[in-house]
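Below are some comments on the model you sent. They are set out as numbered points, to be read alongside the coordinates.

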Amino acid sequence: LGIGFGKDIARPGQPGSLLASRAKLPAAYQVPLPIPAVARPASTAGGTDHYAITQRPANARLLPGGLVTPLWTYGGTFPGPTIVAKRGRPVTVAHRNELDRPSVVHLHGGHTPHDSDGYPIDLIMPAGMKDMGGMHDSMPGMPRMPGMTLPKGDVTQGSRTYSYPSQQRAATLWYHDHVMGFTGPGVWHGLAGFHLVTDDEEAALPLPRGDRDIPLMIADRSFAADGSFQYPAAPHGDPGVTRSWINGVLGDVVLVNGAPWPTLEVDRARYRFRILNASNARRYRLQLDPQPAGGGALVQIGSDGGLLDRPRPHDRIDIAQAERFDVVVDFSRYKPGTQVELRNLFASGGPGKVMRFTVRSTSGAADDSRVPAKLSAIEPLAAGSATVTRSFLFQRKGDGTGMGWTINGEDYHPGRTLAAPRLGRVERWRFVTDVHHPIHVHLDPFQVVARNGASPGEYDHGWKDTIDLRSAESAEVLVRFSDYSGRFLLHCHNLEHEDMGMMADFTAS
Ligand code: C2O
Ligand code: CU
């Protein structure tokens, strides 16, 4: 399938109508950090937790001055409700689509059978909508894919129930929209939420828990003058950024759990933060400011696929789109009353704000948590047992227009498979990039064994499902798919790259 592009596409240096007027930006550090509500199962019959989520429009007040931001939501909030699943206990989620666009739900990081994995043409149509006709109308200003039609997948009317076996390690997963060609706008407008898997191994560790175990969904957005999310967003207040839509959509406000540059009061105690970069196209280099004496403030305990073998302290963390870093921060290393900013060193024009912690001056905050020296056992996949090596080149479309993105020269075509791995066998996958691409593989996580021909990087530890590759980088990973046969996806998690073709099927059997 060729994704067609009209001539009204934004090109670098040609922002044109994309530069609509903007809302007055909110002041930073005014809003308390919201914590997404944990979903309650509608029933727990037969050893399975059954959830029901209605996808629907909702209005939020994210900005000062009474402006309203219309959202597309899971259950009325952005982020959507957090689903907490226990390893080995299956979950179903019945999604009802009351939006004015088709939707698809993918559980990112889920070890999920094909028919519940959110294949991008397996649409949930809103009741009464027959085709993609309304799709473009629902996104005024979206400059692409005129007349695009999707091949017909397993389309359902009104709702669809996804089944998640939960046969996987404890990990911070997330769910988000995944409609072919329209994932960027779907997530941008609010279709994202956390899905945590817990297990006994993790529960036995003395890590911070309860209200000191906090998910942080970081996502940049831009606002139009009327308060609505502006998509695509043109560079604004971010003078170093000249990237246009082809390079992904950036925002000029950083939301954490849906709130602009929020604040959190913390005890002088350890906290676990499950950091997710849910941005469409922005990478962050996160650092606490000030750093505590001795550094190493961000103690990483987990990555995309759950606990690391042992904790790894970082001064800063580079996090690409869709990656998760589970970190423990010990605020007892700060004096009472200290204000600690979480900053993004990758923001152009100097460190950008993300959020701010205020260390309470009240004494007596009990803390019996600690970070054990050994967290988990990670079975290394044996490189020697890899029988197949496959290479995937992620690059700009080479057809002369350059208006698209490809894997091995192909843009996305449902049903055209780029690899046919056998279940249970270890394979070596090589990824090569032209520019920055965060590369994501569905079905099973992988282990990074080389980056640019050398050792893996400091953020490559543990089980990963997304690897952050910068310009002209390469990586080798070992992967062993298991349990579920059928078509799955690998793609770039720059959501605009994904929408513009940088996605492929692999077929497991
Ligand atoms: Cu987070 Cu295929 O996606
Ligand atoms: Cu990309």
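1. Into which domains is the protein divided? The assignment gives domain 1 (16–203), domain 2 (210–359) and domain 3 (383–508). Please keep in mind throughout that this is a predicted model.

2. On confidence, the mean pLDDT of the protein is 89, with 89% of its residues at 70 or more. Residues 1–19 have pLDDT below 50, and beyond near neighbours in sequence the model has 38 contacts for this stretch. Another stretch, residues 233–243, stays under 50 in pLDDT, and the model has 25 contacts for it beyond four places in sequence. For the complex, the predictor gives an ipTM of 0.98 and a pTM of 0.92.

3. Domain 2 and domain 3 have C-alpha centres 26 Å apart. Their contact draws 20 residues from domain 2 and 17 residues from domain 3. On the side of domain 2 that touches domain 3, β17 (298–303), β18 (306–314) and β19 (316–319) each supply at least two residues.

4. An unreviewed UniProt entry places the feature "domain: Plastocyanin-like" at residues 67–120, 157–201 and 393–507. In the model, residues 157–201 are 18% helix and 47% strand, and the end C-alpha atoms of this span lie 40 Å apart. For residues 393–507 the figures are 4% helix and 45% strand, with the end C-alpha atoms 18 Å apart.

5. Which residues touch the most other members of the largest nonpolar core? They are Met217 and Ile218, in a core of 112 residues. Leaving out residues up to four places away in sequence, Met217 touches Pro79, Ala192, Phe194, Val256, Asn257, Leu276 and Ala278. As background, nonpolar side chains tend to be buried together in soluble globular proteins.

6. Is His189 buried or exposed? His189 counts as buried because 24 other C-beta atoms lie within 10 Å, where the cut-off is 20 or more. This histidine is in the loop between α2 (183–188) and β10 (192–198). Residues up to four places away in sequence aside, His189 touches Leu71, Trp72 and Phe229.

7. One further distance concerns His189 and Val256, which are 67 residues apart in sequence and 14 Å apart in space, C-alpha to C-alpha. Val256 is also among the residues that Met217 touches.

Terms used: Residues are numbered from 1 along each chain as its sequence is written. Chains are lettered from A and ligands numbered from 1 in the order in which they are written. This is a predicted model: local features need pLDDT of at least 70, side-chain atom pairs count only at pLDDT 80 or more; totals for chains, interfaces and linings use all residues. Domain bounds come from an automatic or database domain assignment. Two residues are in contact if their C-beta atoms, placed from the backbone, lie within 7 Å. UniProt positions are given in the numbering used here, feature names are shortened, and annotations may be inferred rather than shown by experiment. A nonpolar core is a set of buried Ala, Val, Leu, Ile, Met, Phe, Trp, Tyr and Cys residues joined through C-beta atoms within 7 Å. A residue is buried if 20 or more other C-beta atoms lie within 10 Å of its own, exposed if 12 or fewer, and partly exposed in between; C-beta atoms are placed from the backbone. pLDDT is the predictor's confidence in each residue, from 0 to 100.
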